[in-house]
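Colleague: I would like to go through the terms before I rely on the picture. Please set each label against its cut-off.

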Amino acid sequence: MSPEAAAGAGTRAVTGRGTGAEPISAVTLEQFLEKLPPELTILHDGGNGSGLLRWVEPSELEDPTPYLLDGEFLLTAGLPFVGEASNQARVDAYVRRLVGAGVGALGFGLEPYFDAVPETLLKACIRHNLTLVEVPGTVPFAAIGLEFSQLLESDNAKVFRQLADINRQLMRAVLSARPEHELLAALAQRVPVWAVLVGADGRVRARAGTGVELPALQQILDRLLGGSGPRVEMDSFDIPGSVLVFGHPLRSTRDANLGALILGTDQPLTPSQNSVVSSAVGLLELLVRQRTSGSLAPSQLATALLLHPDSLASGGTRHINGLRDLLAQSTSSTRSAPLRVVQGIKAEQGTWPAGDSPVRELLQWRRLFDTKLVEITDYGFATVTRLKVDDALVSEVEKLGWRLVIGDATELAGLAGAYQRAASLRSRVQASGQSVRVDDVTWSVAGLLGRSAGTMLATRLLEPVLAQEPDRISSQLSVLKSWLGENGNWDATAKVLGLHRNSVRRQINALGELLAMDLSSAQVRAELWIALQYVDGLEDGIVQMPQDR
């Protein structure tokens, strides 16, 4: 093996040194040695086969330890042991440094410097109990690094499959008759922890496994319920299964305390186990939010997961895939019809019973839109339906005092995007008091703003001009529209209007003073241009916009 080949054969198991990245899974030394080509010989087994390997690293430095982290499989072609460097004291010091740096094993490549592993190196590895592997010249270091990468990738793929299965189990638990209890049971089954769910009142709502009793958890519970924002609080107890106790607060969308999840274990969790815990915390938080709103938790939770997949701490796509069956069961209209997101906004006046309960309201929307997927929101409600939302249904809802945003046709993967498109039109519905269909909207600033809001904008921005005599209004708006249309070019505007450029400049300066605006600002000019598109929609006393000459 050439030194050049050895120098280029490093294989990283994580994204990079110093990034703080952590592999989802890891490979043990024993697993790695079993996968290596049979030509390799283990000259000394250090007995650390269960230790985790971080990556495979070639180095010909006499002291590579400043560049190593613990858990590395170091490869060398023997350059540090050529000539005088092969004496027992220097070799012993070399191995001692590797052991001190936490190196998992040393691979010694035969050729080009040695045809056998130096006896001094073997003795030093035995003395300091460092696993030593002989690598023949027929096996390049690059092949060893590639084997490590493939093994790590295969192990991670298995972990991802396991995470998908666990997430499906968590979703089934959430949709059960006792979702909080079933979810904690599923969590404790998959992660070596005991778990206790505590409400905002400090009482236990659900428990899985045997751990620390509630009175002893009061300090960590006070910290969880007394703080703000997402975080993790830690504690430790001299009780089996409770060396490491950690808790997550459960918060409302307005950062109010809704409860806490406390877990205990004897060993730090692996990255994949932490991922499962994060998913469980996200699901519990949604469950508690829905329960405290007095709504029908399972269907509301399913709706929230479909429309807001990022509301979970991780794994949103996997949760959506886990809801396919629920989607089929919950939309009872024609199964082949496209899905639509409909958002409802409460109007000022209506016949909806005053003080009606959230549950009754939810059931009413489920009946009207022929779906179980309804979510009560701060602006009104959102629903996923396959029902054709025709004019008759819109009219029925409007008689109840509501206005609708009817989304465009989509399917499961596009629900979150359809929700966002519908949400962008809510302000238009609130301003105009009229329902709107996403399919009918021109997706431009003017189209999204709408006639009613656009007219309000024109009235507000152009009020000083519109308060003048009609002839004066017509003249000034014509100059302003032409100047904006020509991107502020004095000569081009003068040519369009048939005026001298100095006359145009004087009138634009006068308009800037009248409007009390800085017309050199691009944002101001953009807002005025949009407002000018709606001047012809104003009431009596305002002339129609003249055409450019």
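Modeller: Start with pairing: two strands pair if DSSP finds at least two bridges between them. Helices (H or I, at least four residues) and strands (E, at least two) are themselves DSSP runs, numbered from the N terminus. This is a predicted model, in which local features need pLDDT of at least 70 and side-chain atom pairs count only at pLDDT 80 or more, while totals for chains, interfaces and linings use all residues. Residues are numbered from 1 along each chain as its sequence is written, and side-chain values use heavy atoms, with hydrogens and water left out.

Colleague: Which strands make up the open sheet with mixed pairing?

Modeller: That sheet has 5 strands, in the order E14-E15-E13-E16-E17.

Colleague: What makes E14 and E17 edge strands?

Modeller: Strand E14 (374–376) and strand E17 (436–437) each pair on one side only.

Colleague: How do you know that E13 and E16 pair?

Modeller: Strand E13 (residues 340–346) and strand E16 (residues 402–406) share 5 bridges, in the antiparallel sense, and the definition asks for at least two. One of the bridges sets Val342 against Ile406 in E16. Helix H13 (residues 391–399) packs on this sheet, touching E16 and E17, and its direction makes about 145° with that of E16. Helix H14 (residues 415–423) lies across E13, E15 and E16, at about 35° to E13.

Colleague: Why is Gly380 called buried?

Modeller: Buried means under 20% relative accessible area, exposed over 50%, and partly exposed in between (1.4 Å probe, protein chains only). Gly380 has 7% relative accessibility, so Gly380 counts as buried. The residue sits in strand E15. Contact means heavy atoms within 4.5 Å; apart from neighbours within four places in sequence, Gly380 is in contact with Gly344, Glu375 and Trp402. Gly380 and Gln343 are 37 residues apart in sequence, and their C-alpha atoms are 7.5 Å apart.

Colleague: And what are Asn129 and Asn487 on that scale, exposed or partly exposed?

Modeller: Asn129 has a relative accessible area of 43%, so Asn129 is partly exposed. Asn487, at 70%, is exposed. Asn129 lies in the loop between H4 and E7, and Asn487 in the loop between H19 and helix H20 (490–497).

Colleague: What makes strand E7 mostly covered?

Modeller: In E7 (residues 131–135), 4 of the 5 residues are buried. E7 pairs with strand E2 (residues 41–44) in the antiparallel sense over 3 bridges, and with strand E6 (residues 105–109) in the parallel sense over 5 bridges.

Colleague: Why are H19 and H21 called roughly perpendicular?

Modeller: Axes are lines fitted to C-alpha atoms, for helices over the stretch in contact, and angles run from 0 to 180 degrees between N-to-C directions. Angles under 35 degrees count as roughly parallel, over 145 as roughly antiparallel, 65 to 115 as roughly perpendicular and the rest as oblique. The axes of H19 (residues 470–485) and H21 (residues 501–515) come within 10 Å and cross at roughly 105°. H19 and H21 are therefore roughly perpendicular. Residues of H19 including Val479, Leu480 and Trp483 meet residues of H21 including Ile508 and Leu511.

Colleague: What is a nonpolar core, and how many residues does the largest one have?

Modeller: A nonpolar core is a set of buried Ala, Val, Leu, Ile, Met, Phe, Trp, Tyr and Cys residues joined through side-chain atoms within 4.5 Å. The largest here has 29 residues, and among those with the most contacts inside it are Leu187, Leu263 and Val277. H8 gives the largest share of this core, 8 residues. Beyond four places in sequence, the contacts of Val277 include Leu187, Phe246 and Leu263. A second, separate core has 25 residues, including Leu461 and Ala531.
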